[in-house]
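Please look at the sequence and the structure shown below. The report then describes selected features in words and in one table.

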Amino acid sequence: MTSTATATSTEIPGRRAAFPRPLLLAKDYAVLILLVVVTVYLSFASSAFFTSDNLLNILNQNAPLAIIAAAGTFVIVSGNFDLSTASVFAVASVSAAWLASETGDVALALAAAPVIGLALGAVNGLVVTALRIHSFLATLASSLVYSALAVLITGGALITVTAEGFTELGRGEFLGVFIPVWVLAGVVALLWFLLSGTVFGRHVFATGGNAEAAELSGVRVNRVKILVFTLSGLAAGVAAAIAVSRIASGQPQAGAGMELQAIAAIILGGTSIHGGVGAVWRSVAGVFLIALIGNGFDILDFNPQLKDLVTGVIILAAVALAAVGRTRR
Amino acid sequence: MAAPAGTGAPNRRAVVELRGVSKWFGGTHALDGVDLDLLPGEVHALVGENGAGKSTLGKIIAGVYQRDGGALAVDGAEVGRWDPVRAGRHGIAMIAQELALVPELTVAQNVFLGRERSLAGVLRRGHGNDAAFDAVCALAGFRLPPRRRVAELGIADQQKVEIMRSLARDARVIVMDEPTSSLTAHETEQLHRLIAALRDQGRTVVYVSHFLDAVLDVADRVSVMRDGALVRTANAADETKPSLIEGMLGRPLAVTFPERPPPVDPSVPPILEVAHLATADGVVDVSLSVRPGEIVGLLGLVGSGRSEIARAIYGADRITGGTVTFDGTPHARPRPHRSIAAGLAMVPEDRHGQGLVLERPIRENIALAHATLFATAGVISRRRERAAVNALAERLALRPARTELTTSGFSGGNQQKALIGKALLGDPAFVILDEPTRGVDVGAKYAIHELVVALARQGVGILLISSEHEEVMGLAHRAHLVRDGRTFAEVVPERTTVDRILTALFGADQHEGAAP
């Protein structure tokens, strides 16, 4: 028995909620509108804001989170949650730092991070499907395990990397733009296309929209789930490689709280927490909307203690706006 | 059913009056100036095609939707703002098609939900509650175990819980939206007796349905709707099925089935052969075969295992015994993706739960099972996909013929067409149709029947399952009777009658069928 308001709201044949079209569009693209509004506001409020240095810096700073959110979109759209991305990020970070300081092989160390992320993500997927545990619980538990793993690897201490060239990935530039920004652009373009243009992407939407219908349509739902968690882990590993290279040190607390920041950005972007609806660009826009608000606080010298409050209110407002068209008749 | 004394008599004052009620959904005029009187002690049916506005009208009476224009009066006094709570205070309750019960609570807890007897918020236990429950049972004229969890009840009993809930609120007007859509013939009969009893207590039942036989059986007056407008309100005794259909469609429609495809030569090897099939989900011993171009029906009561047979063949449930042979080769360990790849498709019975991803466009739904057909190395060609989907939409006469629109915005009949289209996209050699016309209106139903016959003529083998036995009888070449997960007889519909089949289906289990 699924007798909810949403169930009955789908019963209306051939009609849409009484809602003017421009408003519907505004609702659909709320995150972009907000992004533009904040950008315009900050451009007028401070001359330091709309400079290529500042903007590139924001992109660079937030590249790891944006990469995690872009891949996290697949997890949310498939109707699942990944609460372990921060822990995967931590394990990949300390592993890379440890390998670099032990072997001195920079390339091996930085390449290890995505591989470890992929492996840990695959484990999440296998746990969720084979044991049939709700992904919220499964990844909540695995995040504890992975965090402990990160502490074990470092012995709880900070691993500082002094190896030559280790910081090239995180601090280097190519054509005047930080390398993490290039990586971000590549990852986003790839994932955007993967979700919107491929058979796999179609199956992710169907899995999240109606898993039973997807299964009966020949979609290998379990396989899709394993793949989205693997993708999410891989992205956390890539993000970790960038971050650990930038700060040249690995610590088990790295990335704490990132998993929720990523989910907040995904939802702020307009992807449905119920699955079945969403887009990669939305999550990236969500990350940078939050980032711009933070940047605004910095350059306008606002009370930084209010930063989280404002961010939280904006997320609530965006989610409430998204709900409007569904509840009003 | 005999009309009560004074049906339509002008001396009875209407309990609810609607004057010029209109409702817009976006750009659609869902209701256009509807006038309606509901008298005390009548069963008032609202009929019409899907999208005609009958459900919308019922929901406006119950306060689920707000009217955009016109007046609504209760007991002669016009009311202003109207919502389910206010309607409830005036004694108007609604039983929606999707029942609104809390499955994890007990029968009694659901009946008294929102009216719990409490002291400063602390629930009161003890005999007072039992007495209140008994009182509701007495009013309803039937009894359910008060401490049973609602999730354990069948649909028919869950519906009774809803009725008890409205009685616990002392409802004088009960709006029932498609109450029989998930009920068996026997359960429908029981419900109709119950509705008559409610009527005789002086209550008004608004009966929204497109099952015209049911409407003529139970209603005192019928209001026919078309395109958001009221065509007429008349005494049910003065209406017939053809007259109602003519009113709904604005033209006469023969209540017949398209001509059956030609019989298939028995020497043709079957496309599907099932021998002694068994599963852990209710299939015990099933044997049947379907030849190319043949329509084979499964006739059974709800719970007989009809749909489970379909699911087992298709691979949605695991097979524990027996064999499935498809196109001469063993279809061992069937799974949906293997079935689809082999050319064996299924239209599942539950359009929303099992069939469609409602928040995605129609195009994606129709293409879902065959997205790889339009893909190169996993990348979908939108152009090729759209071309194939649009061609299919045209063949199915999908309305509106805009495949980019979100699926939830389509009417039930058109969603069903899309669901069937989804199965046909890969040109299957064999199709299982489980309840292909459930919850669709007369026009769409006929279109779907024509489609089924056309498929058979093209040489597609079809296994047809329907709770409407007439549908199987009117379309199938042969039919297997199913009881308790077993196929126990084979009939040729042209040479028998529904009554004889029902007798056979109830068979030795007649006592079960008669149980409350």
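The model is a predicted one.

**The sheet of chain B**

In chain B, six strands make up an open sheet with mixed pairing, and their order is E18-E21-E22-E15-E23-E24. The edge positions are held by strand E18 (344-347) and strand E24 (486-491) of chain B; each has a single partner strand, so one side of each is left without a neighbour in the sheet. From one strand to the next, the twist averages 20°.

One pairing in this sheet can be followed to individual residues. Strand E23 (residues 478-483) of chain B pairs with E24(B) in the antiparallel sense, over five bridges. B:Arg483 has B:Arg486 in E24(B) as its bridge partner.

Two helices of chain B pack on the sheet. Helix H9 (residues 306-314) of chain B touches strand E15 (295-300), E18, strand E21 (430-434), strand E22 (461-465) and E23 of chain B. The direction of H9 of chain B makes about 150° with that of E21(B). Helix H17 (residues 498-506) of chain B also packs on the sheet, where its contacts are with E15, E23 and E24 of chain B. The direction of H17 of chain B makes about 30° with that of E23(B).

**The domains of chain B**

According to the domain assignment, chain B comprises domain 1 (14-91 + 172-254), domain 2 (103-170) and domain 3 (272-514). A distance of 38 Å separates the C-alpha centres of domain 2 of chain B and domain 3 of chain B.

The table gives the axis geometry of the two pairs.

| Helix pair | Axes come within | Crossing angle |
|---|---|---|
| H5 (residues 85-103) and H7 (residues 135-154) of chain A | 8 Å | roughly 20° |
| H4 (residues 52-77) and H9 (residues 179-197) of chain A | 9 Å | roughly 25° |

Angles under 35 degrees count as roughly parallel. H5(A) and H7(A) are therefore roughly parallel to each other, and H5(A) passes H7(A) in a left-handed crossing. Residues of this contact include A:Val91 and A:Trp98 of H5(A) and A:Tyr146 and A:Ile153 of H7(A). By class, the contact of H5(A) with H7(A) has ten nonpolar, five polar and no charged residues.

H4(A) is likewise roughly parallel to H9(A), and the crossing of H4(A) with H9(A) is left-handed. Among the residues that meet are A:Leu59 and A:Phe74 in H4(A) and A:Val187 and A:Leu191 in H9(A). The contact of H4(A) with H9(A) has 16 nonpolar, two polar and no charged residues.

Note on methods: Residues numbered from 1 in each chain as written. Chains lettered and ligands numbered in written order. Predicted model: local features only at pLDDT ≥ 70, side-chain atom pairs only at ≥ 80, totals over all residues. Pairing = 2+ DSSP bridges. Helix = DSSP H or I, 4+ residues; strand = E, 2+ residues; numbered from the N terminus. Axes fitted to C-alpha atoms, helices over the stretch in contact; angles between N-to-C directions. Contact = placed C-beta atoms within 7 Å. Domains from an automatic or database assignment. Parallel < 35°, antiparallel > 145°, perpendicular 65-115°, else oblique. Left-handed = near helix turned anticlockwise from the far one by under 90°. Nonpolar A, V, L, I, M, F, W, Y, C, P; charged D, E, K, R; others polar.
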